[in-house]
Amino acid sequence: MSLQQDVMTAMKEAMKAKDTNALTSLRAIKSAILLAQTETGAKEELTEDQELALLQKLVKQRKDSAAIFTEQNRGDLAQPELDQAKVIEQFLPEQLTEEEIEKVVVMTIEETGASGMKDMGKVMGIVSKELAGQADGKTISAIVKKKLA
């Protein structure tokens with residue numbers, strides 16, 4: 001079952017349950033999928049990698065917005081953003097813990113022979129590709145910096 005079909009099924013359930021927060025989140029996913037499909041010029045299905053990237057982008061946008069709202073003492077606006085991020089995250093694979101990410105980073109550093117910050121881009125590229133959808137870039141970046149410093 002494709003992401004689009006999963007989202008449509010979840011939208012129907014959210015409508016029946018009158019869950020406006022979930023419905024808003026699911027409509028955002030549907031909209032992003034349609035935009036991505038029409039960008040290429042053809043009505044083709046998105047690949048699984050494209051779907052993961054799209055979902056990660058939507059989650060990141062909501063978490064960034066929530067962080068900004070929190071900084072400005074607007075918890076009333078931050079909470080709905082975090083709630084929407086949780087709904088969208090349901091369609092992502094299980095997220096890895098920092099310890100699991102750290103193991104992959106250490107293994108990649110050993111394999112590539114990276115020795116300092118000059119090799120950060122190489123390590124980030126490999127680890128990001130390997131952990132696509134399972135970890136966010138900010139966490140990976142922080143761990144790579146710590147290990148290469």
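Hello everyone, and thanks for coming. A word on the ground rules. This is a predicted model, in which local features need pLDDT of at least 70 and side-chain atom pairs count only at pLDDT 80 or more, while totals for chains, interfaces and linings use all residues. Residues are numbered from 1 along each chain as its sequence is written, and side-chain values use heavy atoms, with hydrogens and water left out.

Let's begin with the overall picture. How many helices and strands does the protein chain have? There are seven helices and zero strands, so the pattern along the sequence reads α-α-α-α-α-α-α. Helices here are DSSP runs of H or I with at least four residues, strands are runs of E with at least two, and the numbering starts at the N terminus. The C-alpha trace spans about 55 × 45 × 25 Å along its principal axes.

Now to the inside. Of the 149 residues in the protein chain, 36% count as buried. Buried means under 20% relative accessible area, exposed means over 50%, and partly exposed is in between, with a 1.4 Å probe and protein chains only. The areas themselves come from the Shrake-Rupley method with a 1.4 Å probe, and for residues only the protein chains shown count as cover.

The largest nonpolar core has 23 residues, and Val7, Leu26, Ile29, Leu55 and Phe91 touch the most other members. Helix H1 (3–17), helix H2 (20–39), helix H3 (48–71) and helix H4 (75–89) each supply at least two residues of this core. The helix that gives the most is H2, with seven residues. By nonpolar core I mean a set of buried Ala, Val, Leu, Ile, Met, Phe, Trp, Tyr and Cys residues joined through side-chain atoms within 4.5 Å.

While we are at H2, please find Asn21, which sits in that helix. Asn21 counts as partly exposed because its relative accessibility is 22%. Asn21 and Arg74 are 53 residues apart in sequence, and their C-alpha atoms are 18 Å apart in space.

Next, two loops. Most residues other than glycine have a negative phi, and most peptide bonds are trans. Lys18, in the loop between H1 and H2, has a positive phi near 55°. Lys18 is exposed, because its relative accessibility is 70%. Asn73 is in the loop between H3 and H4, and its phi is also positive, near 55°. With 70% relative accessibility, Asn73 counts as exposed too.

On to the charges. Side chains of opposite charge can pair when their charged atoms come close. The rule for a salt bridge is a side-chain nitrogen of Lys or Arg within 4 Å of a carboxyl oxygen of Asp or Glu, and the count comes to six.

Which residues are linked in a network of salt bridges? They are Glu102, Lys146 and Lys147. Between Glu102 and Lys146, the closest N and O atoms are 3.9 Å apart. This pair links distant parts of the chain, with Glu102 in helix H5 and Lys146 in helix H7, 44 residues apart. Their C-alpha atoms are separated by 9.8 Å.

Lys146, in helix H7 (residues 137–148), is exposed at 54%. Lys147 is partly exposed at 36%.

One more pair, please: Lys118 and Asp119 meet in a salt bridge of 3.7 Å, N to O.

Last stop, the surface. Glu94, Glu98, Glu99 and Glu100 gather in a patch of negative charge. Patches are made of residues with over 30% relative accessible area and no salt bridge, where like charges are joined within 9 Å and nonpolar side chains (Val, Leu, Ile, Met, Phe, Trp, Tyr) within 5 Å. Lys and Arg count as positive and Asp and Glu as negative, leaving out His and the chain ends. A charge is placed at NZ of Lys, CZ of Arg, CG of Asp or CD of Glu. Glu100 lies in helix H5 (residues 98–112) and counts as partly exposed because its relative accessibility is 35%.
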